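Please open the structure in your viewer and keep the selection tool at hand.

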Amino acid sequence: MKKLVSIVALAVALSVSASAQSGIDFSKIGNVLTNMAGAIYSGPVTLDGSYTYNGVAVSATSNEGGILTNLAGTAVTSGIESKADEYLAKVGVKPGALTWTFNKADNSFSLQLGSLSIPGTYRVGDGERTVTLTFGKSFNFLNMTGTLESTSGGARMLFTADKAMAFIKKLASVAGKASSQVSSISRLADGYDHYRIGFKLAK
């Protein structure tokens with residue numbers, strides 16, 4: 001993996017050098033390679049034990065001039081995450097207030113929000129890079145599959161906007177704190193492609 005990262009980094013450096021010498025704009029190529037380097041660090045995650053919700057996670061891309069750019073970790077997604085955090089805080093979903101406990105032995109999980117405990121089952125796939133959460137009757141048997149990414153302090157779970165919104169609205173409703181502002185979260189990334197939203201989890 002280190003060798004692959006080095007190759008990508010070298011390719012980015014060479015693209016900048018070539019741009020300066022030839023006048024050809026290689027910045028877009030370098031951007032794509034940089035995004036590839038970022039993806040390398042999103043390794044598999046073994047979901048087991050307790051994780052604390054640490055804020056909204058957002059992934060989006062922009063397609064300008066036929067070049068697909070990953071906006072994860074940029075000012076764009078950071079701004080969306082900040083606004084989404086603000087909306088969710090109004091319904092009691094804020095960093096530290098939500099805990100996920102995964103039991104790898106029987107693939108069950110428990111979601112704790114204050115005195116509210118919500119059980120379910122989970123399944124990881126694709127080399128522990130995807131996760132499927134299945135809730136019970138209280139959530140109308142909601143089933144959602146998303147990507148699973150490792151981070152330096154835990155993990156990120158990302159889902160399509162419609163699934164994430166269905167979950168968030170149901171969570172707010174069950175907690176007795178439904179808010180029309182929650183619907184605004186899905187509109188925060190209007191104009192961007194492949195919008196996914198989820199949760200930062202701290203181990």
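Is F199 buried or exposed? F199 has a relative accessible area of 4%, so it is buried (buried means under 20% relative accessible area, exposed over 50%, partly exposed in between, with a 1.4 Å probe and protein chains only).

Before continuing, note that this is a predicted model, in which local features need pLDDT of at least 70, side-chain atom pairs count only at pLDDT 80 or more, and totals for chains, interfaces and linings use all residues. Residues are numbered from 1 along each chain as its sequence is written, and side-chain values use heavy atoms, with hydrogens and water left out.

**The aromatic rings**

Rings of Phe, Tyr and Trp (its six-membered ring) pair if their centres lie within 6.5 Å; planes under 30 degrees apart count as stacked, over 60 as edge-to-face and the rest as tilted. Select F167 together with F199: the ring centres are 5.4 Å apart and the planes stand at 70°, so this pair is edge-to-face. The two residues are 32 residues apart and link distant parts of the chain, with F167 in helix 4 (residues 161-174) and F199 in strand 9 (residues 193-202). Helices (H or I, at least four residues) and strands (E, at least two) are DSSP runs, numbered from the N terminus. F167 counts as buried, at 1% relative accessibility.

Now extend the selection to the cluster linked by ring pairs, whose members include Y51, W100, F135, F167 and F199.

**The nonpolar core**

A nonpolar core is a set of buried Ala, Val, Leu, Ile, Met, Phe, Trp, Tyr and Cys residues joined through side-chain atoms within 4.5 Å. The largest one has 43 residues, and W100, F102, L133, F135, M157 and F167 have the most contacts inside it. Helix 4 gives the most to this core, namely seven residues.

Select W100 next. Apart from neighbours within four places in sequence, W100 is in contact (heavy atoms within 4.5 Å) with residues that include G49, L133, M157, F167 and F199.

**Strands 7 and 8**

Select strand 8 (residues 154-160), where six of the seven residues are buried. Strand 7 (residues 143-151) pairs with strand 8 in the antiparallel sense over five bridges; two strands pair if DSSP finds at least two bridges between them. S150 stands opposite A155 in strand 8, and a hairpin of two residues joins strand 7 to strand 8.

**The last stop**

Finally, select S59 in strand 1 (residues 49-64). S59 counts as buried at 15% relative accessibility. Leaving aside neighbours within four places in sequence, its contacts are R156, L158, H194, Y195 and R196.
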